[in-house]
Amino acid sequence: MRLSLVLLAAGSSRRFHGNKLLYQFSGKPMYRHIIDQLAELPDSLFERKIIVTQYQEIADDLEKEGYEVIFNYDTELGISHSIHLALECLKDFDGGVCFAVCDQPYLKKDTIQDLVKEWQESQKGIGCLAHQGEFGNPAVFSMKYREELMELSGDVGGRRVIRKHLNDLFLYEVEDGKELVDIDIKLGGMEDEKN
């Protein structure tokens, strides 16, 4: 199945008290961790790569790497609005879409690739990472779920659709639950400065 990648990087990081995506984490801005992992994957894995963001710095950086940039200037509408913007851009795309977030610095490229490959082999309509019963990102949806994703509102993401269709869900279990951790608060060791 043809597949597009959508990176969600538009949040205002209220709990973080600052733009967490540009904060230095282990030597580079947080958002670069997943970007650098994705850069090592085969070009054939994703037919299109999209970034949804409100940050010009991130847009400028990723445009140079071939990402299509969608600006979300209405972030108060929640993550659902970023999902809607991406799906509107993909309205004529008949494959699947892999949604990922940019605040999971421990996520590994092999995990992303294995999720996609094994989801495609499963012939299920939805796939996501999991660890000990907890669902995590990235999550992959066939376009048959486009309308349900478009009906999401507020700060509600694809997990709501996933929970409604457990019979059509492929779970890829990760050994290290750290890969699913998204950083919402400042941790010890994070440099308190922007790139």
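These legends describe close-up views of one predicted model.

Residues are numbered from 1 along each chain as its sequence is written, and side-chain values use heavy atoms, with hydrogens and water left out. Because the model is predicted, local features need pLDDT of at least 70 and side-chain atom pairs count only at pLDDT 80 or more, while totals for chains, interfaces and linings use all residues.

**View 1. Helix α2 and its buried residues.** Helix α2 spans residues 56-63. Helices (H or I, at least four residues) and strands (E, at least two) are DSSP runs, numbered from the N terminus. I58, A59, D61 and L62 are buried here. Buried means under 20% relative accessible area, exposed over 50%, and partly exposed in between (1.4 Å probe, protein chains only). Seen down the axis of α2, the buried residues fall within an arc of 165°, so they line one face of the helix. That arc is taken from the directions from the helix axis to the C-beta atoms. The buried residues of α2 pack against α1 (30-39), β4 (48-53) and β5 (68-71).

**View 2. The largest nonpolar core.** This core has 32 residues. A nonpolar core is a set of buried Ala, Val, Leu, Ile, Met, Phe, Trp, Tyr and Cys residues joined through side-chain atoms within 4.5 Å. L7, I34, L38 and F46 have the most contacts inside the core. Two or more residues come from each of β1 (3-9), α1, α2, β6 (96-101), α4 (109-122) and β9 (169-173). Another core, of 26 residues, lies apart from it; V52, L87, Y145 and L169 are among them.

**View 3. S142 in strand β8.** The strand covers residues 134-142. S142 is buried, with a relative accessible area of 9%. Not counting residues up to four places away in sequence, S142 touches M1, G95, G96, W119 and G125. Contact means heavy atoms within 4.5 Å.

**View 4. D103 and K20.** D103 sits in the loop between β6 and α4. At 7% relative accessibility, D103 counts as buried. Its side chain makes a polar contact with the side chain of K20 (2.6 Å). A polar contact is a pair of N or O atoms within 3.5 Å; within protein, one must be able to donate a hydrogen and the other to accept it, and residues adjacent in sequence count only if both atoms are side-chain atoms.

**View 5. Cysteines without a disulfide.** The structure holds zero disulfides (pairs of cysteine sulfur atoms within 2.5 Å). The sulfur of C89 is 16 Å from the closest cysteine sulfur, in C98, too far for a bond. C89 is partly exposed, at 30% relative accessible area. For C128, the nearest cysteine sulfur is that of C98, 11 Å away. C128 counts as buried, at 0% relative accessibility.
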